[in-house]
Amino acid sequence: MTKVLVLGAGQLARMMDLAGSPLNLDIAAFDPRTNKVVHPIANDYILGNLEDGINNADVITAEFEHLAHDVLEKCQASGKLLPSSTAIKIGGDRRLEKNLLESCQVANATHKIISNYDDFKIALSQLSLPIIFKSALEGYDGKGQWRLKSMKQAEVIWAEMEDFIKQANTSVPQAIVAEQMVPFDREVSIVGARNTKGEIAVYPVTENHHTNGVLSVSLALPVTDELQQQAFEVFSKLTQALDYVGILAIEFFQVGDELLVNEIAPRVHNSGHWTQQGADTCQFENHLRAICALPLGNTELIRPTAMVNILGEDSVPEAVLAMPGVAIHWYEKEKRAGRKMGHINLCAESSIELANKLIQLAGILDDHAYPDLADFAQQLK
Ligand code: ATP
Ligand code: MG
Ligand code: MG
């Protein structure tokens, strides 16, 4: 039985465990908040400390890129960490991420790095409005971001960002990455796996919708070969440059037919949750297969699938479960406004049937909790 230690003890580690059990993989999770290794599902069941977890594991991986560097170094030193600490650190620091994109000559939004007021002034003179400012470290779900639409707001935003940089309690200095706002037509992502032999299997490009900076709906529908090929090329360039092993997700802005990288995530990703029902082998299983040197599973779309995040709610009407083609995945998390509590995967035999089912789902769900779902489902038709 191969033993896997996952750094991070949230829903992604939980879903890795659910996917890994049938393969006879034994999964434990390190919770960085308590510094304990726990069972990924019964996570009050303590298995030991980080050292115990490292010693006990055959392979170590991560469900989260914002990990303390000393934790990553210890795991890297054991020779068991996949993907490498370098890849995980790049995913957790937008400065390193931008360097990687530039060195691989991958299209992305123009940017400037800001550590002080002079840098801020230079960014304002070299980028045009609107500009988005993002914290270099620890940003996720749209947190640590500021949007500048008019120069009148510049000084107020700078004061907030300056406080933010000064108050940071991070192992490397915090900074801000100023980015040109991209007038995108839509947002898409590609999720794929690369194994220790360098073999690659990618899922189809997925369309993503955000509500208040948080992913709300992902759609996996057939895509054009050209778009899939473009995303695949970026995936293979970046994974080769990093000698990457595991699942990597790449978020893009689509402008016309062109893809610009927004950011990468060195782990299984929310926009890949649809694979639990829409593919033969889900992203969690393929991540484990990749890091445990097993053959990669089929990543083709087997049926059009939508994934709807359940944000800040701990129940849905029973009528949701009664719908054919619905699967619900709860994370057993304490209810908090806006928190990712679970997700619904909805499958159909065709794109048009999926649109109709989404309209039906939107009608059952409380439209206060899912504000854009009904409109969005209508647009799909
Ligand atoms: P995640 O939870 O995906 O990790 P994050 O906090 O790392 O989110 P981003 O993905 O960088 O943040 O940004 C969140 C959202 O803000 C994007 O999905 C997109 O909708 C919008 N956004 C970010 N950067 C830009 C940009 N340069 N131009 C236009 N929109 C942007
Ligand atoms: Mg991110
Ligand atoms: Mg993002």
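This is a predicted model: local features need pLDDT of at least 70, side-chain atom pairs count only at pLDDT 80 or more; totals for chains, interfaces and linings use all residues.
Visitor: Which residues come nearest to ligand 1?

Guide: Start with the shell, then look for its closest members. Ligand 1 has 17 residues around it. Ala-109, Asp-141, Glu-179, Met-181 and Val-182 come nearest.

Visitor: How many nonpolar, polar and charged residues does the shell have?

Guide: Sort the shell by class. You get 5 nonpolar, 5 polar and 7 charged residues. Now look at strands. Strand E7 (131-135) supplies at least two shell residues, and so does strand E15 (258-265).

Visitor: Why does ligand 1 lie between two domains?

Guide: Check which domains give residues to the shell. Domain 2 (110-180) and domain 3 (186-380) both do, so ligand 1 lies between them.

Visitor: What should I look for in a nonpolar core?

Guide: In soluble globular proteins, nonpolar side chains tend to be buried together. Here the largest nonpolar core has 64 residues. Leu-5, Val-6, Met-16, Ala-29 and Ile-250 touch the most other members. Strand E14 (residues 246-255) gives the largest share of this core, 6 residues.

Visitor: Which residues does Ile-250 touch?

Guide: Skip residues up to four places away in sequence. Among its contacts are then Ser-189, Val-234, Phe-235 and Ile-264. A second, separate core has 24 residues, including Leu-219 and Leu-346.

Visitor: Where does UniProt place the ATP-grasp domain feature?

Guide: The unreviewed UniProt entry places "domain: ATP-grasp" at residues 98-292. In the model, that span is 31% helix and 31% strand. Its end C-alpha atoms lie 29 Å apart.

How values were computed: Residues are numbered from 1 along each chain as its sequence is written. Chains are lettered from A and ligands numbered from 1 in the order in which they are written. A residue is near a molecule or strand if its C-beta atom, placed from the backbone, lies within 6 Å of it. Helices (H or I, at least four residues) and strands (E, at least two) are DSSP runs, numbered from the N terminus. Ala, Val, Leu, Ile, Met, Phe, Trp, Tyr, Cys and Pro count as nonpolar, Asp, Glu, Lys and Arg as charged, and the others, Gly among them, as polar. Domain bounds come from an automatic or database domain assignment. A nonpolar core is a set of buried Ala, Val, Leu, Ile, Met, Phe, Trp, Tyr and Cys residues joined through C-beta atoms within 7 Å. A residue is buried if 20 or more other C-beta atoms lie within 10 Å of its own, exposed if 12 or fewer, and partly exposed in between; C-beta atoms are placed from the backbone. Two residues are in contact if their C-beta atoms, placed from the backbone, lie within 7 Å. UniProt positions are given in the numbering used here, feature names are shortened, and annotations may be inferred rather than shown by experiment.
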